[in-house]
Amino acid sequence: MRLLPGAAAALLAVLVTGTLGAQPLPDPPAPSTGRHALRAARLIDGRADTVRRDGVVVVEGERIVAVGGPELLTPGLEVIDLGDATLLPGLVDVHSHPLIAGDDYQTDHLRDSSAFKALRGLKAVQDNLRAGWTTLRIAGDADVFYAHLDIRRAIDQGLFVGPRLTGAGHYLSITGGGGDINFLGPEHHVVADGKIADGPEEMRKAVREEIKYGSDWIKLLVTGAFMSAGDHPEDVHYSEDEVRMAVEEAARHGVPVMAHAHATAGIKLAIRAGVRSIEHGTFLDDEAIRLLVEHGTWLVPTLYIGDYYIEHGSPTGAQDKMIELSKKYKAQHYAWVGKAIQAGVKIAVGSDFGAYPAPVENAGEIEALHRAGMTPMQALQAATRAGAELLGWQDRIGTIEPGKLADLIAVPGDPLADLSALRRVSFVMLGGRVVRRDGAGR
Ligand SMILES: [Zn+2]
């Protein structure tokens, strides 16, 4: 879909913002085949540990062709001058649930149709894009009909503007686990928000179904969860046989596995079975950290979601369990993630978006990783280059380098001095196309 000035840009503004009159998008600086430059007071490329002053990025079509300073500004080259801002790679959220909206998500799942979830989810991913999150990995979502994979198809076909999407159709769960509905009497038969698979053979079939309908990740709830009703994160749910089956079956299709795992034994079981990432990892211990390093397994700590609920509360009370558990375990989770950082565990930013309503909050995870022990630069790299590496997309996104897709954002001022600047993204480019440009310097 080409961007056109005037009416088409206004229409696009509606599509992207989902709201008439809210921050209309400017006309694009050049057609998507053109060559233009971005200039900002600072440039953080996702790779170097230092900031480049007066940075310039030259973009041609959907790709970055040159990165440097003002010497790149040749006569006739159209320049978007972002002023006292910092250019960064587009942000990568490797743990997102765009079909979930708010705290009482399991009741919402029962109340809402797949079509409604798709419409709401489309707005959610577009809001994520405007907040600077140009790539999302969906960690399974609360819809039996794979609505988020249809959202991806609609974006890929050019029907809507949205971020790059990858991920799992469902979170696979045991009967009675975090993906089951555990608050109804036994005579009520409902379709759970997750996909239920018990035993290795059901697991094999569940993995095949997920891949059939477009999942490019498999998500397992290896242990109980914080947010779902009627289960406990310190219980290990899937057996070794079941996890190994999932990893083996997925691997035969070239699909990696992400494992939700809180309980220590569940974390270790999943690492040994060969999953690519551990989600949450609340109850790490020294051996689990050693295993993460040895196996090269990624850790996605999702530290901030618990902080968010402790601060904001649960409007419906559905997350009272989560708040109680978060208060109890938050300090030790931060401490273990700090040890994992020290040990050199590969860590990426995952927000658990969906459980809170506004994607601007995603940046809270970057701040949380800093509080856990990363330098501000490490935390920014966890939100960009590391996420791309976890996805296996490091040849396309995650850094500002020639040849990469031009997914770029800008924030006001210096984010290394104040990481909350990531909550105030003022410019977003996706594949060479400007999808947000606010304020001065236009
Ligand atoms: Zn999640």
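Residues are numbered from 1 along each chain as its sequence is written. Because the model is predicted, local features need pLDDT of at least 70 and side-chain atom pairs count only at pLDDT 80 or more, while totals for chains, interfaces and linings use all residues.

Strand β7 (residues 133-139) is largely enclosed by the rest of the structure, because 7 of its 7 residues are buried, a residue being buried if 20 or more other C-beta atoms, placed from the backbone, lie within 10 Å of its own. Helices (H or I, at least four residues) and strands (E, at least two) are DSSP runs, numbered from the N terminus. Strand β6 (residues 91-96) pairs with β7 in the parallel sense over 4 bridges, where pairing requires that DSSP finds at least two bridges between two strands. On the side of strand β8 (residues 164-168), 5 bridges join it to β7, and the two run parallel. T135 in β7 is the bridge partner of V92, and T135 also stands opposite R164 in β8.

The axes of helix α6 (residues 240-252) and helix α7 (residues 264-273), which are lines fitted to C-alpha atoms over the stretch in contact, with angles from 0 to 180 degrees between N-to-C directions, come within 9 Å and cross at roughly 40 degrees. In this contact (C-beta atoms, placed from the backbone, within 7 Å), E240, V243, R244 and V247 of α6 meet L269, A270 and A273 of α7. Helix α7 is mostly covered, with 7 of its 10 residues buried, and the cover of these buried residues includes α6, β12 (257-261), β13 (277-280) and α8 (286-295).

Conventions. Two residues are in contact if their C-beta atoms, placed from the backbone, lie within 7 Å. A residue is buried if 20 or more other C-beta atoms lie within 10 Å of its own, exposed if 12 or fewer, and partly exposed in between; C-beta atoms are placed from the backbone.
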